Amino acid sequence: MSTTLRPAAASRPAGEPPRGRAARRTPAHQIRRRLTPYGFLSPTGVLLIILMATPIIMVVWYSFMDGVITSDNPAFVGFDNYLEVLANPVFYTAVRNTFVFTGISVVAHFTIGLAFALMLNSPLLGDRTKGLFRALYVLPWLFTVAIVAVLWRLLLNPNGVVNYIFGSLGLTDGQTEWLANPSSALLAVTFINIWAGYPFFMISLLAGLQGIPRDLYEAARVDGAGAWQQFRNITIPQLRPIIISMALLDLIWTSQQFPLIWMTTGGGPINATEVLSTFTYKLAFTSYDFSLASAAAVIVLLLSMVLAFFYVRHQKGRD
Amino acid sequence: MAVTTAPTGRPDIDLRTPPPQRGKKAALLAALVVGACFSSLPVLWMLSSSFKPNPEIFASPPRLVSETFSLDAYVAILTDTVKLRFFANSYIIALSVTVLTLTVSVLAAYAFSRYDFRGKKTINVVIISVQAVPPITLLIPYFGLVVALRLYNTYPGLILTYMVFTLPYAIIMMTGYFNTLPRELDEAVKVDGAGPMTALWRILVPISVPGLVSVGVYTFMIAWNEFLFALTLTRTEDMRTVPIGIQLLMGQHSYEWNEMMAMSILGCVPVLVLFLLFQRFFIGGMTAGAVKV
């Protein structure tokens, strides 16, 4: 990529005078040319200052004040809000739940996404068969989270079809309150998130698989490598950059998941599915304590920035 | 072999396939069907429930096709002006976000793709990392800002804030697309005395339609699906979008499951249509953006 990013001027040997009409370039022209890219970037810059820089400064400032938004003259309280958040046992429940929810989701997204991508990429299948199954496998990804949430509330209802199937197979008594029972709620929302999210992995891995040169496999076959060896020594190393990118993006996004949990369990029962985003949201818009919520929001931001650091480093390394 | 099975398209066993391969293929198809059940049966159930009268939603044993097939749920949604307003709001907001995002991102992508300038790497890193900032962190100051700017409960309030999600991705994807186009194209116009704006809008943009489509579709989807900001930055029923409308249905009186499912089906129509129309662009563009920044 870096090769195509070089400026046009750089491709001309140094010292050689520019040809054609460009020859009448004066210093004013050069300054204008140097400023042009900033001109093109200015709408983005303005938007990022309004939508990103300002809010982050504001939320950090809020987190050191007491009674922001709700009170007319908030007082500076230093780290009190942070101490209060860190002393709240629900915060630690939310951290633990976020880790469980995110960890299981990402591993399952990867496993299912890779398995489906490998099946769809099999040379044993005709193009039509592939197209049909690919469309079916992408389906969950086409529904907004709000739809996914109501759909699974219907399916997992105590009188719903999942309980009917489990009950008639004799696996449960057929009356499980999947989302309302503290012992199953977190796993149930995680399962829903797995269902909704694996296609993103699958599509990217499928594109990656199609980009692996066939002669690599042929060479391996000539050397007597079996299917498993080909998978371990060709497929996985070739997909590694995609896998790392997707895993980091998925970690970032899943750890920030809000609507799915909000619409299925609301963080309950008894905080069983409370994650950092629902915890923060409730502080702000249920308790109207925007100062405490800001402190929690800054903590969430710092955790995300750790992941972002690895993501940026990985992306830059690939250029 | 793929060629021999492709025209029929039936997932059956090709007799010309050598015997050991045939066993493998049968196993593969069995696995594919199991996977398809996992991915699609819930969706099928949603579709079937939307055609049931509400009392039959939890009928035991469950029936995929109800005896009393009815379109009542769809009629109820489509004749209710409040719910139609949810759809109108979602379309207005998502389309505005798409147009604005495309315009701003094309300009930025042009700078990234065609110029070298001081601070380029830093700006690039900022744009990549902006994608990782949690929406919940932005929500609290946005609430303060939007109220202060009198944009609370308005279209511009949502349109503006949605751009924080759509813009970074769009810039990265568009830059990637422009990088695939030879620079001689726009340099040629510039040698003839035209400015960079002409080069961009007259030369690059017209030949970038596939890139614009995939960025546009993706942007539309993000805006159409957004939940958290729509929930918090609007208040009255006439400003609510489809995802919030679905949630409101869930809170209202008794659960009208059939109506919720019908609204969900209607709510995924635009995304489904876009996906079917632009599948190839879409998957290609999405992976290009997500995978090689």
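What follows is a chat about a predicted model with chains A and B.

Trainee: Okay. How many residues does each chain bring to the contact between A and B?

Mentor: Chain A supplies 100 residues and chain B supplies 110 residues.

Trainee: And what area gets buried there?

Mentor: About 9300 Å² is buried between chain A and chain B, and carbon and sulfur atoms give 78% of that. On the chain A side, F40(A), L124(A) and L154(A) lose the most area to chain B; together they make up 9% of what that side buries.

Trainee: Which helix of chain A gives the largest share of that side?

Mentor: Helix α1 of chain A, residues 27-63, with 18 residues.

Trainee: How do the residues on the chain A side divide into nonpolar, polar and charged?

Mentor: There are 72 nonpolar, 18 polar and ten charged residues on the side of chain A that touches chain B.

Trainee: Switching to chain B by itself. How many helices and strands does chain B have?

Mentor: Chain B has 14 helices and zero strands. Of its 293 residues, 56% count as buried. The accessible surface of chain B is about 12200 Å², with 69% belonging to carbon and sulfur atoms.

Trainee: Now a few residues. Where does T235(A) lie, and is T235(A) buried or exposed?

Mentor: T235(A) lies in helix α9 of chain A, residues 227-255. Its relative accessible area is 4%, so T235(A) is buried.

Trainee: What does its side chain make a polar contact with?

Mentor: The side chain of T235(A) pairs with the side chain of Y217(A), at 2.8 Å. Setting aside residues up to four places away in sequence, T235(A) also touches others, including L118(A), L209(A) and I212(A).

Trainee: And M202(A), buried or exposed?

Mentor: M202(A) is buried, because its relative accessible area is 0%. M202(A) sits in helix α7 of chain A, residues 185-210.

Trainee: Which residues are in contact with M202(A), beyond its neighbours within four places in sequence?

Mentor: Among them are G113(A), F116(A), A117(A), R134(A) and Y137(A). As for H109(A), which is 93 residues from M202(A) along the chain, the two C-alpha atoms are separated by 8.2 Å.

Trainee: One last topic: backbone angles. Which residue in chain A has a positive phi although it is not a glycine?

Mentor: Y288(A), with a phi of about 55 degrees. Y288(A) is in the loop between α11 (276-285) and α12 (290-318) of chain A.

Trainee: What is the phi of R150(B), then?

Mentor: R150(B) has a positive phi of about 60 degrees, and R150(B) is not a glycine either. Look for R150(B) in the loop between α6 (135-148) and α7 (155-179) of chain B.

Trainee: Is R150(B) buried or exposed?

Mentor: R150(B) is exposed, because its relative accessible area is 74% and the cut-off for exposed is over 50%.

Conventions
Residues are numbered from 1 along each chain as its sequence is written. Chains are lettered from A and ligands numbered from 1 in the order in which they are written. This is a predicted model: local features need pLDDT of at least 70, side-chain atom pairs count only at pLDDT 80 or more; totals for chains, interfaces and linings use all residues. Side-chain values use heavy atoms; hydrogens and water are left out. Contact means heavy atoms within 4.5 Å. Buried area is the accessible area (1.4 Å probe) that two parts lose on being put together, summed over both. Helices (H or I, at least four residues) and strands (E, at least two) are DSSP runs, numbered from the N terminus. Ala, Val, Leu, Ile, Met, Phe, Trp, Tyr, Cys and Pro count as nonpolar, Asp, Glu, Lys and Arg as charged, and the others, Gly among them, as polar. Buried means under 20% relative accessible area, exposed over 50%, partly exposed in between (1.4 Å probe, protein chains only). Accessible areas come from the Shrake-Rupley method with a 1.4 Å probe; for residues, only the protein chains shown count as cover. A polar contact is a pair of N or O atoms within 3.5 Å; within protein, one must be able to donate a hydrogen and the other to accept it, and residues adjacent in sequence count only if both atoms are side-chain atoms.
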